[in-house]
Amino acid sequence: MGSFARREHQFLAELGLAPRNPGSFACGAWGGSGPVVASTNPTNNQVIAEVVEASARDYNEGMRACYDAAKTWMAIPAPKRGEIVRQIGDALRAKLHHLGRLVSLEMGKILPEGIGEVQEIIDMCDYAVGLSRQLNGSIIPSERADVFPLPRQPVRLFSSPDPPHRPSIAGFLHRRHRQLLEGSPPDRPRLRPSRHLAIRAAAAISECPCALLCSATSPGAVSQPLALTKRQIYRREFVRVQAASTPSLRARPAPVRHHSSAGGPPPALGSQGATLAARPIYSSPWEAEARVEGGGGPTARGSLSQLPHQVPDLLACPNHMMMEVWNPLGVVGVITAFNFPCAVLGWNACIALVCGNCVVWKGAPTTPLITIAMTKILAGVLEKNNLPGAIFTAFCGGADIGQAIALDTRIPLVSFTGSTKVGLMVQQHVNARFGKCLLELSGNNAIIVMDDADIQLAVRSVLFAAVGTAGQRCTTCRRLLLHESIYQTFLDQLVEVYKQVRLGDPLETGTLLGPLHTSASREAFLEGIQTIRSQGGKILYGGSAIESEGNFVQPTIVEISSSAPVVREELFGPVLYVMKFQTLKEAIEINNSVSQGLSSSIFTRRPDIIFKWIGPHGSDCGIVNVNIPTNGAEIGGAFGGEKATGGGREAGSDSWKQYMRRATCTINCGSELPLAQGINFG
């Protein structure tokens, strides 16, 4: 092959590539029994190398092994899986520049972008390593609780029979429960305990709150707890425990002094026949009173005071708890596109692997060498750690392999990046078998420039957003909305910087615009220009293909109405539609008027405009930027769009949850069976 004979392409051998390469990595081994295809260089349309694609038989054998390997991989602790991904990141670092050159050679993006794409996978590996120790579930308060824990500090009984100025313990717990539900901070109670009878809380309030568990105390003695059930609360019954039946009450008997309306001292808690009793106060179902009866003396009574302020979470129940548990899905299918032939794999595979899933990858059919080189690096890490190679399975192939992934019930989640048309078909296949889809589809992204914007900053941003990667990013700026007061000034500056864009070999230093990926893309560009002219578009700059061996076209600026049908479609090339607006409301309506909803940006210095733009009446896209381009997203945020862009979210934030299945678990450790919603069934 010509490319292997050229000195500047000797790095291909360093990546394990040969003039002819097997394109199926299945069952931990390389093979391929499908058709032979050629990978070509879009700069000159010369063949780089040949690849033997995977067949249906290769796919079935590989998927069987991948499905079996999932049982091994998901049993490894998540931090250990993170260690494997860390090693993958290190292996990619060692080949960063070689892989970046391969991306530029086979895809056509300039070398800094090619290296940046590989760096993005390395960053994803680092991100996933940290994530492997943070796949956290939630502990959820259960309303089924029998008993809630309380601090074991004394809660004093007051001498007043019904002191309205002192909130009761039950009332406090009821209020605290409401505060927890509302997310309010707890009260800091002012405690003024009585000098007389003491009640110690051992536990309290069931069913938010409907029962009280307390015990009488005297110096050196603690009684058997006394419980009020929900039924007794509402019936306002007294529940009594004989002091004589509780050995702890007889220990160190001492009289408890208490003033009562009957006069005279109450009985000692340790005396024979004394009874501790409690019931709700009639004025409120959330208050309770306690008293000591019998033993030959008068009754002492009072209400329970507020708890001390060191109160734990009253919703943590020892007998019932509810929690979320996240478990792996099993196998995740990843179908990537030519424009980011390896970065999108990193978004998905790094997260999927630390979440405990095996990965089956179908790379773009026109970038098979990148698929093979990336897979060789990942396979080497698995082999070094004595892990099944089938944990990561890869196929070079066409639509037949993609369709097999979409239809395969062994793959619970399929991530697809590509056109809206094909993505819709993938979604229909996956949904028909009740699988899940992660779709990253077309974008028709707009930049709005307000009259107060920094013009130079906006011009530089538009240049990168519209011309970078030859307009073949899903986040490429395709529509430029200029305020009428700066319209001509901005356009004049933009045309001048377009004239300075250097076209050429993407591997050469200084090149800003490489070729389109295929000759078919070049033809689609020319057809698009004809359509633009037929719909009233005015070519302000560019609009032609470059006569050469490669797939080069001019970066193009078009003045056109926002209502032109061609504006609503995605022309995958360096074509920028320019239109003017008068008000922010009009600009937002134009931004939101297309079916796609991936990325958007506004340039302004006014905070009121910024917050309207990012708010509910602003952009309807998944990426909403201010004073930066529409492209060049960071991995820390969730990447994806709305509407016809598919609604998927990949990379950062909480995107990891899509790669796992959530189970809500309620656990009963007790002997009672309280039902939710207060249901009493028999």
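Here is a walk through this structure, from the whole chain down to a few single residues.

What you're looking at is a predicted model, where local features need pLDDT of at least 70, side-chain atom pairs count only at pLDDT 80 or more, and totals for chains, interfaces and linings use all residues. Residues are numbered from 1 along each chain as its sequence is written, and side-chain values use heavy atoms, with hydrogens and water left out.

Let's start with the big picture. The protein chain holds 18 helices and 33 strands; these are DSSP runs numbered from the N terminus, with helices (H or I) of at least four residues and strands (E) of at least two. Of its 682 residues, 53% are buried. Here "buried" means under 20% relative accessible area, "exposed" means over 50%, and "partly exposed" is anything in between, using a 1.4 Å probe and protein chains only. The accessible surface comes to about 28700 Å², and carbon and sulfur atoms own 53% of that. Such areas come from the Shrake-Rupley method with a 1.4 Å probe, and for residues only the protein chains shown count as cover. As for contacts (heavy atoms within 4.5 Å), take those between residues at least 6 apart in sequence: 72% of them join residues at least 24 apart.

Now look inside. A nonpolar core is a set of buried Ala, Val, Leu, Ile, Met, Phe, Trp, Tyr and Cys residues joined through side-chain atoms within 4.5 Å. The largest one here has 100 residues, and those with the most contacts inside it are Leu92, Leu102, Met374 and Phe392. Helix α10 (residues 343-354) supplies the largest share of this core, ten residues. Apart from that core lies another, made of 55 residues, among them Ile455, Leu513, Ile532 and Ala587.

Next come the charged pairs. A salt bridge is a side-chain nitrogen of Lys or Arg within 4 Å of a carboxyl oxygen of Asp or Glu, and that rule gives a count of 18. Some of them join up: Glu83, Arg86, Asp90, Arg93 and Asp126 are linked in a network of salt bridges. Within this group, Asp90 pairs with Arg86, their closest N and O atoms being 2.7 Å apart. Both sit in helix α4 (residues 78-94), four residues apart, which is about one turn of the helix. Asp90 is partly exposed at 35% relative accessible area, and Arg86 is partly exposed too, at 33%.

Arg93 forms a salt bridge with Asp126, with 2.6 Å between the closest N and O atoms. Arg93 lies in helix α4 and Asp126 in helix α6 (residues 111-131), so this pair ties together parts that are 33 residues apart in sequence. Arg93 is partly exposed at 37%, and Asp126 is partly exposed at 38%.

Glu324 lies in strand β16 (residues 320-328) and Arg662 in strand β33 (residues 660-668), so the pair ties together parts that are 338 residues apart in sequence. Glu324 counts as buried at 18% relative accessibility, while Arg662 is partly exposed at 48%.

Now for an annotated spot. UniProt, in an unreviewed entry, places the feature "active site" at Glu440; its positions are given in the numbering used here, feature names are shortened, and annotations may be inferred rather than shown by experiment. Is Glu440 buried or exposed? At 4% relative accessibility, Glu440 counts as buried. You'll find Glu440 in strand β21 (residues 436-440). Leaving aside neighbours within four places in sequence, its contacts include Phe416, Thr417, Gly418, Phe639, Arg649 and Glu650.

Finally, step back to the outside. Gly536 sits in the loop between α16 (519-534) and β24 (538-541), and is exposed, with a relative accessible area of 59%. The C-alpha atoms of Gly536 and Ala564 are separated by 8.0 Å, though these residues are 28 apart along the chain.
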